[in-house]
Amino acid sequence: LFSPDGELLASRSENKTIRLWDVQTGKCLDTLDEPTNNMWEMLLSPDGKLLASRVGDQTINVYTLQAGKVLSLFREDREYVKKITFSPDGKYLASGSDDQTICLWDLHTDQSFSVLSGHTDRVRSIDVNADSSLLASGSEDRTIRLWDASTGNVRLTLEGHTNWIRSVVFSPDGTLLASSSDDHTLRFWDVASAQATS
């Protein structure tokens, strides 16, 4: 996993570590010890200053980095986490869980500032649009919900898939949302009109 500026590489291993590498020199800058080798997801924030990992089904680790070195660690245990993602503006981390909710974590205070509730089954996928104002979530309840990130309110509920939602992702300009489902279809939604285009 490369940092946005291409100067740092993060790698993970089954020996329960994450290593941070200087791309130019090939030197290992730091080694992070994870509690288990059951690490499912690893992300770097848009500014490259934070690294998040999802370990097993319940632990979210957020490391603060500087020059490839760890300055601090925020760790949250929340059962059945299925997906994490940084907001593009770097202000919050979103996590989707089997408890049918999405949590938004303030990256400046390391506190949960909003819990989004409304799905009636497990949340399997989440994404945030380019200006970080809108969050999309896909669930095993066969719906996609679009949430206002500042208020936590549902703006739209998108229906059309006939099986659970595997993934959701915004287009770079935020006008379209793509979704894939276990019904073996891929749909493109016009976010403004909330209609599936294919």
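A search of the whole structure, which is a predicted model, identifies eight salt bridges.

One of the salt bridges joins glutamate 41 to arginine 54, with the closest N and O atoms lying 2.9 Å apart. The two residues belong to distant parts of the chain, since glutamate 41 sits in strand β4 (residues 39-44) and arginine 54 in strand β5 (residues 50-55), at a separation of 13 residues. Glutamate 41 has a relative accessible area of 8% and is therefore classed as buried, the limit for this class being under 20%; arginine 54, at 9%, is likewise buried.

A further salt bridge is formed where the side chains of glutamate 140 and arginine 124 meet, at an N to O distance of 2.6 Å. Here too the pair links distant parts of the chain, with arginine 124 placed in strand β12 (residues 123-128) and glutamate 140 in the loop between β13 (134-139) and β14 (143-148), 16 residues apart. Glutamate 140 is buried, with a relative accessible area of 16%, whereas arginine 124 is partly exposed, with a value of 26%. Both residues also take part in a network of salt bridges, in which Lys82, Asp98, Arg122, Arg124 and Glu140 are linked.

In the salt bridge between arginine 166 and aspartate 182, the N to O distance is 2.8 Å. Because arginine 166 lies in strand β16 (residues 165-170) and aspartate 182 in the loop between β17 (176-181) and β18 (186-190), this pair ties together parts of the chain that are 16 residues apart in sequence. Arginine 166 counts as partly exposed, at 45% relative accessibility, and aspartate 182 is also partly exposed, with a relative accessible area of 24%.

Turning to the strand arrangement, an open sheet is formed by three strands in the order β1-β2-β3, with antiparallel pairing. From one strand to the next, the twist averages 20°. The antiparallel pairing of β2 (residues 17-22) with β3 extends over five bridges, and within β3 the bridge partner of leucine 20 is aspartate 30.

Conventions
Residues are numbered from 1 along each chain as its sequence is written. This is a predicted model: local features need pLDDT of at least 70, side-chain atom pairs count only at pLDDT 80 or more; totals for chains, interfaces and linings use all residues. Side-chain values use heavy atoms; hydrogens and water are left out. Two strands pair if DSSP finds at least two bridges between them. Helices (H or I, at least four residues) and strands (E, at least two) are DSSP runs, numbered from the N terminus. Axes are lines fitted to C-alpha atoms, for helices over the stretch in contact, and angles run from 0 to 180 degrees between N-to-C directions. A salt bridge is a side-chain nitrogen of Lys or Arg within 4 Å of a carboxyl oxygen of Asp or Glu. Buried means under 20% relative accessible area, exposed over 50%, partly exposed in between (1.4 Å probe, protein chains only).
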